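Open the model in your viewer and keep the selection tool ready. Each stop below says what to pick and what is there.

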Amino acid sequence: MLYNNNEATNKVTKGNVTFNKNIILSVINLAAKEISGVSSLVANFGSALKRWFGNNYYEGVKLTNNNGKFSVDVYLNVYYGYNVSEIAYRVQENIKNSLSSMIDVELDKINVHVLGVDFIKEEEDKN
């Protein structure tokens, strides 16, 4: 797989398949949100600036290219009452499985950063 600033190219026998890094970032974002206990991915003011001025950041997901292998950092909040280490492990596994099934990329590491705990509001419980 070949990488440049904003695209990855996979050479196949009959041609090249090219996809934008935003596709990878979007798949990672969705894979993290699928896990039960994940409240939200953290997107603060600093991350908004990174998203505007850098192409390796997307709503709580940071992607780094290390010599052809990607390192993923996911920043999230979890709901109160869930096991944080279990959620982090399940997020890592889901990201790994989602990327390997949808896009042929090599992963170096997946770091999950739990930045906060959210409490479920009583109004949401009544509905």
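Select Arg-90. This residue is partly exposed, at 29% relative accessibility. The term covers the range between buried (under 20% relative accessible area) and exposed (over 50%), with a 1.4 Å probe and protein chains only as cover. The model is predicted: local features need pLDDT of at least 70, side-chain atom pairs count only at pLDDT 80 or more, and totals for chains, interfaces and linings use all residues. Residues are numbered from 1 along each chain as its sequence is written, and side-chain values use heavy atoms, with hydrogens and water left out.

Glu-86 and Arg-90 form a salt bridge, with the closest N and O atoms 3.3 Å apart. A salt bridge here is a side-chain nitrogen of Lys or Arg within 4 Å of a carboxyl oxygen of Asp or Glu. Side chains of opposite charge can pair when their charged atoms come close. Glu-86 is partly exposed as well, at 42%. Helices are DSSP runs of H or I with at least four residues, strands are runs of E with at least two, and both are numbered from the N terminus.

Stay on α3 and pick Lys-96 and Glu-93. Their side chains meet in a salt bridge, 3.5 Å from N to O. They lie three residues apart, about one turn of the helix. Lys-96 is partly exposed at 39%, and Glu-93 is partly exposed at 25%. How many salt bridges are there by this rule? The count comes to two.

Next, show the whole of α3. The helix has 19 residues and reaches 27 Å from first C-alpha to last, close to the expected 27 Å. That expected span is 1.5 Å times one less than the number of residues. Colour Ile-87, Ala-88, Val-91, Asn-94, Ile-95, Ser-98 and Leu-99: these are the buried residues of α3. Look down the axis of α3: its buried residues fall within an arc of 130 degrees, so they line one face. The arc is that of the directions from the helix axis to the C-beta atoms. On the other side, Ser-85, Ser-100 and Ser-101 are exposed.

What covers the buried residues of α3? The cover includes α1 (21-33), β4 (38-41), β7 (69-79) and β8.

Move to Gly-116, in strand β8. Gly-116 is buried, at 18%. Leaving aside neighbours within four places in sequence, Gly-116 is in contact (heavy atoms within 4.5 Å) with Leu-76, Asn-77 and Val-78. Ser-40 is 76 residues from Gly-116 along the chain, yet their C-alpha atoms are separated by 9.6 Å.

Go on to Phe-119, in the loop between β8 (107-118) and α4 (122-126). Phe-119 is exposed, at 58%.

Finally, zoom out. The chain holds four helices and eight strands. Along the sequence they follow the pattern β-β-β-α-β-α-β-β-β-α-β-α. Of the 127 residues, 34% count as buried.
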